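Here is a short briefing on one protein model. Keep the sequence and the 3D view open while reading.

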Amino acid sequence: MRENDWVNKNVDLRRLSEMVQQFFYDDGFSEVKVDEDPNGTWFELQAKKMGALRTIVSSRKAIHVIIKGEPNKFTVSIGTGEWGKNFVVAGVFTGGIGLVGMGLNLRFTNKVWNFIKETITSLENSYTGTTKSTRKKGTSTSCNNCGAPIRSTAKFCDQCGSTRS
């Protein structure tokens, strides 16, 4: 698990959460779930990439991001799951191909972490004192019902389950 504290950044944590969520969709994650505190003091994002081929080469991606705190004092942590689960299988049964997949997963974790750090820098002093969502309802990549980002291939909103129109 990776974790870091940020102080005196005045970051809109809701917007940070939304940008991380969009990052996962843009990277092709098939499932992204977001839970949040109604007061905007914590956001929990879970994203998964699965599939038979990913299982064989040990490159399934399951990532968990937690953003908690206040705009001027918050913590972001990233945890991963399932990646090391098939370590022996990756090495023995795939002739080392699976170990390459696991290496790519580690590289992806670094990519996510760097995206989060860059996004925090870009959002510095973005908090305006409101926890209202910055999502735009009804855009081509967002749900007409709740405003959550929707993949272009999705038939339903992952957040609220509404049919995409």
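Predicted model: local features only at pLDDT ≥ 70, side-chain atom pairs only at ≥ 80, totals over all residues.

The ring-pair count comes to five aromatic pairs.

**Confidence**

- Among the elements, strand E1 has the highest mean pLDDT, 94.
- Helix H3 (residues 87–92) has the lowest, with a mean of 44.
- Over residues 83–102 the pLDDT is below 50. Beyond near neighbours in sequence, the model still gives this stretch 36 contacts.
- Residues 134–139 also stay under 50. The model has 19 contacts for them beyond four places in sequence.

**Aromatic pairs around Trp6**

- A pair of aromatic rings is described by two values: the distance of the centres and the angle of the planes.
- Trp6 and Phe74 form a stacked pair. Their centres are 5.7 Å apart, with 15 degrees between the planes. The stacked label applies because planes under 30 degrees apart count as stacked.
- Trp6 lies in strand E1 (residues 2–7) and Phe74 in strand E5 (residues 73–81), so this pair ties together parts 68 residues apart in sequence.
- Trp6 also pairs with Trp113. Here the centres are 6.1 Å apart and the planes stand at 40 degrees, so the pair is tilted.
- Trp113 sits in helix H4 (residues 97–122) and Trp6 in strand E1, so the second pair ties together parts 107 residues apart in sequence.

**Burial of these rings**

- Are Trp6 and Phe74 buried or exposed? Both are buried.
- Trp6 has 10% relative accessibility and counts as buried. Trp113, at 7%, counts as buried too. The label follows because buried means under 20% relative accessible area.

**Phenylalanine cluster**

- Which residues do ring pairs link into a cluster? They are Phe23, Phe24, Phe29 and Phe115.

- Asp35 is placed in strand E2 (residues 31–36).
- Its relative accessible area is 40%, so Asp35 is partly exposed.
- Leaving out residues up to four places away in sequence, Asp35 touches Trp42, Phe43 and Glu44.
- Asp35 and Ile66 are 31 residues apart along the chain. Their C-alpha atoms are separated by 9.6 Å.

Terms used:
Residues numbered from 1 in each chain as written. Heavy atoms only, no water. Phe/Tyr/Trp six-rings, centres within 6.5 Å; stacked < 30°, edge-to-face > 60°. Helix = DSSP H or I, 4+ residues; strand = E, 2+ residues; numbered from the N terminus. Buried < 20%, exposed > 50% of the residue type's maximum accessible area, 1.4 Å probe, protein only. Contact = heavy atoms within 4.5 Å. pLDDT = per-residue confidence, 0-100.
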